[in-house]
Amino acid sequence: MIPSIHKRGSKTVGLIRYLYGPGTHEEHIDPHLVAAFDPLTPDPGRDPSATYRQLERLLDQPVNALPASRRPKEHVWHMSVRASPEDPVLTDEDWAAIAHRAVAATGIAPDGDERACRWAAVRHADDHIHIIATLVRDDGRRPRLHNEARRAQAEARRIEADYGLRRVAPGDGTAAKRPTSAEQHKAERLGQEAASKELLREHVRHAVAGAADEAEFFDRLAAEGVRIRKRLAPSGDVLGYNVAIVGDRNKDHEPIWYAGSTLAPDLSLPRIRKRFTAHAETETQPTALDRSGASAPARARYAAAQPTDAALTSLTAGDDGTAAAHLIGVGEVIDAVAQTSDGTASAELREAARHFERATRSHICAKNEEIYALRRAAHQIVHSGPALGRGQDGTATALILDVIVLAVITAARWHAARGHAQRAEAAQLAARHLRTSYQATAAAPLTALRSYGQRLSAPIRQRQAHTVRTALPHLADRLLDQPGWDALTAVLDQAEHAGHDTAALLTKAAAQRELHSADSINDILVWRLQHLSYITRPAFTPRSHRSRAVSAPGPAASGVAHQDVSRSRRR
């Protein structure tokens, strides 16, 4: 159940007309009173003799009794209370009881207070009611409404428990403001996918992800196709910015501007500036992947795996400031991968990015210097260009998604342990979309690796099985029995062929974190070995330089198993 306190107004009859009217899209059905401060309150919906003006005069009586100089300019209070879509349809009696509890909890009409504010609750749909009240009590005083929204949310949680309704996670003050019904209806008229405020929030988030500095941020924002208006100081320094959707205008045909802080607290220019670092980019050391001639998108994704994995570790280390910074950084990496992927994976990634953006917000002060490696990784992904869904790019995308999924799951646990229920729920939703994207991306590379592993000769497969029993004796039986064993055999063979100490590599991969809760240990080890093969220098001279006639594909080669396996390796 979601209570929403709306902007205060100055015309009681205007809100009454809306509540009893047909609605913007004829969506109001049978508007009628379900509860009020006085049981004899006239109901224009069910009583033909009752009028809107009668109800207005009754509610406004305490306001009009005051001298004009003492009357509040905006005296109309408005709250809607909405049930979740999966909740059963409540009766008028249920909604009446809920309305009484809502006005009591918010301070409009505390229980037992006979001189409280006047109010009325109108129902014009199955799933919600609207409560209108005037903000002058019968004794002429103003109501005490401090933290009214928070108290309304707390009462909604109790109502959910009492009525057996869906339990909504309690708010924590970090959510972005939802678009109003008017904004949503306007989006429908303009043919937009969402309200302008939500579209702009996504555009700004995309522009921030991977931007190296403020200039690049504004350049990327302009490339998103939105209007930009900078707020300048007399010195010419930029103080802030506003954005608008092209074609979204007010009644005077002027663009409707939104400040970054209006879209979300963490999208104000001062908060965005904190993400940028003054440190010069450090030179990246060449790796096996760099030398293999892999595509730029593949290299960027492989490079992003290490800082993302480090962020995962920090979420369990106990330093909340570092963890808060890494949450922001992981969010930027998700955004960057989403912007440079295609197909089904891209759609799921965009949804994951949208949900996880909620999980990146925090009252905890982030240690912004900790975000540098992740921001640099996001920057490289964005500037590497679009990735294909197959070959090297597909393998590298699957690898980074495997790490991101674990990081996001850990983020959900981190939030839950600190009582951040809504942010934990947002991270869980993001993890679902990320899993779907991972499954779609990983299917082709894993299938090709399994095919490659099945074609290896018996002696090679036996040697890799011996490696597993030597390095991971406690997991060997489970690894050898799982369907993913063929893919793991292939990756071990590739690593061996590249000159790696496969037993040491496998031990290191398994030690990165626990494996027992994984759906497929083999698949996780496949991606960890791929990554370790990328960042670890070979221990020996590659076998192709010693004795093999035909080389097998390394982890960076294509992600799709080599199709030309020599006859000598089949024997």
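Predicted model: local features only at pLDDT ≥ 70, side-chain atom pairs only at ≥ 80, totals over all residues.
1. On the pairing itself, β6 covers residues 227–232 and runs antiparallel to β7, with six bridges joining the two. If you want a spot to look at, R229 sits opposite N242 of β7.

2. β7 also pairs with β8, a strand made of residues 258–259; this pairing is antiparallel too, over two bridges. N242 turns up again here, with A259 as its bridge partner in β8.

3. How enclosed is β7 by the rest of the structure? Largely, because six of the seven residues in this strand (238–244) are buried, that is, under 20% relative accessible area.

4. Now the helices. α11 (residues 296–314) packs on α12 (residues 320–339) at an angle of about 150°, and their axes lie 9 Å apart. That angle is over 145 degrees, so α11 counts as roughly antiparallel to α12. The crossing of α11 past α12 is left-handed.

5. As for who touches whom, α11 brings R301, T308, A310, A311 and S314, while α12 answers with T322, A323, H326, V330, V333 and V337. Sorted by class, the contact between α11 and α12 holds six nonpolar residues, four polar ones and one charged.

How values were computed:
Residues numbered from 1 in each chain as written. Heavy atoms only, no water. Buried < 20%, exposed > 50% of the residue type's maximum accessible area, 1.4 Å probe, protein only. Helix = DSSP H or I, 4+ residues; strand = E, 2+ residues; numbered from the N terminus. Pairing = 2+ DSSP bridges. Axes fitted to C-alpha atoms, helices over the stretch in contact; angles between N-to-C directions. Parallel < 35°, antiparallel > 145°, perpendicular 65-115°, else oblique. Left-handed = near helix turned anticlockwise from the far one by under 90°. Contact = heavy atoms within 4.5 Å. Nonpolar A, V, L, I, M, F, W, Y, C, P; charged D, E, K, R; others polar.
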